[in-house]
Amino acid sequence: MLSSTRTKLYRLWTKVIAPLLIIVLTILTIIFAISWHRRKFSLSRKLAVDKALSQSKTNGTELRGRQMIPTMNVLSLDFIAFGNHEFDYDEIDITARMDESKFTWISSNVFNIKTNKSFHTTFVISDVQDDEKTSEIINYWFNLTIQGFEAVGFHPNRTVSCLLSSIELDGRFASVRNFPTLLSNFSCECMVYATADSQTIIGLFDSGSIRIDDILKGTITEYDILRTLSYQNILYSLSVPGKTLAGVLTDSMSLKGNDMFLSYTRVKTIDQGKT
């Protein structure tokens, strides 16, 4: 009898109480965060970012963010930006949550892989002016960064290339972590060139090394290179059997969308790298 009662209590906790507790805590966290920011910074605009559509269940049914939108609606949010967990669900679920929202969803770097178009309208908020003190702090650290680069021999503002208007170097995470781009190809080619003394013939590296999450156009400076490949990684030139290389590249295809998806160059396959 005691064992049966414990089993019932355990099921009640795991299927009802715990999921509801997660929902309540998430909602309270959002309320507290917005209230704290409003008191501390006297925001004229209320903005929330990332993980709005948290993963929660009630009675074993996924809510898919349905519990979050009504709460944020009554908080009088003005804007919200996409985070990674919004895309844990299907596009139809995300669109439904957006339609239920009384606030504006901002998308500046979220793209549909199939169409390469913005997932949602990009909004430019021109009537929100930079806070003077915030700008001062940001500029301080930015200038300190530039000085640090210069101290070790870089020239961040020096032009290294001027691209034709028809050329774009796509370094967006949504691109380089799913398929080769000119930027990832050029990066691999540079690594092959840098290890030419070792007679390197193929270049590859994990796409998570590309950090810019932007598209480079026109004038390219050293600073653009630094913010593209910002890690001080070590280049290795190795001799490996073709079978091993094929296995590595095949495994990489299952990692699309992940920062471990490999960027590569000078690799030829019978199906143009589809598998």
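Q: Where is Ser207 found in this predicted model, and why is Ser207 called buried?
A: In this predicted model, Ser207 is found in the loop between strand 8 and strand 9 (215–216). Its relative accessible area is 0%. Buried means under 20%, so Ser207 counts as buried.

Q: Which residues is Ser207 in contact with, leaving aside its neighbours within four places in sequence?
A: Ser207 is in contact with Val176, Arg177, Asn258, Asp259, Phe261 and Ser263. The term contact applies because it means heavy atoms within 4.5 Å.

Q: What makes the pairing of Glu100 with Arg97 a salt bridge?
A: The closest N and O atoms of Glu100 and Arg97 are 2.8 Å apart. The cut-off is 4 Å between a side-chain nitrogen of Lys or Arg and a carboxyl oxygen of Asp or Glu, so the pair qualifies as a salt bridge. Both residues lie in helix 3 (residues 91–100), 3 residues apart, about one turn of the helix.

Q: Why is Arg97 called buried, and why is Glu100 called partly exposed?
A: Arg97 has 5% relative accessibility, and buried means under 20%; therefore Arg97 counts as buried. Glu100 has 36%, and partly exposed is the range between buried, under 20%, and exposed, over 50%; therefore Glu100 counts as partly exposed.

Q: How do you know that Lys217 and Glu168 meet in a salt bridge?
A: Their side chains are 3.5 Å apart, N to O. The limit is 4 Å, so this pair is a salt bridge. The pair links distant parts of the chain, with Lys217 in the loop between strand 9 and strand 10 (219–221) and Glu168 in the loop between strand 6 and strand 7 (169–170), 49 residues apart.

Q: What makes Arg227 and Asp224 a salt bridge, and how are the two residues placed in helix 7?
A: The distance from N to O is 3.0 Å, and the limit is 4 Å, so the term salt bridge applies. Arg227 and Asp224 are 3 residues apart in helix 7, and so they are separated by about one helical turn.

Q: Why is Asp224 called buried, and why is Arg227 called partly exposed?
A: Asp224 has 8% relative accessibility, and buried means under 20%, so Asp224 counts as buried. Arg227 has a relative accessible area of 30%, which falls between the limits of 20% and 50%, so Arg227 is partly exposed.

Q: Why is Gln199 called exposed?
A: Gln199 has a relative accessible area of 68%. Exposed means over 50%, so Gln199 is exposed.

Terms used: Residues numbered from 1 in each chain as written. Predicted model: local features only at pLDDT ≥ 70, side-chain atom pairs only at ≥ 80, totals over all residues. Heavy atoms only, no water. Buried < 20%, exposed > 50% of the residue type's maximum accessible area, 1.4 Å probe, protein only. Helix = DSSP H or I, 4+ residues; strand = E, 2+ residues; numbered from the N terminus.
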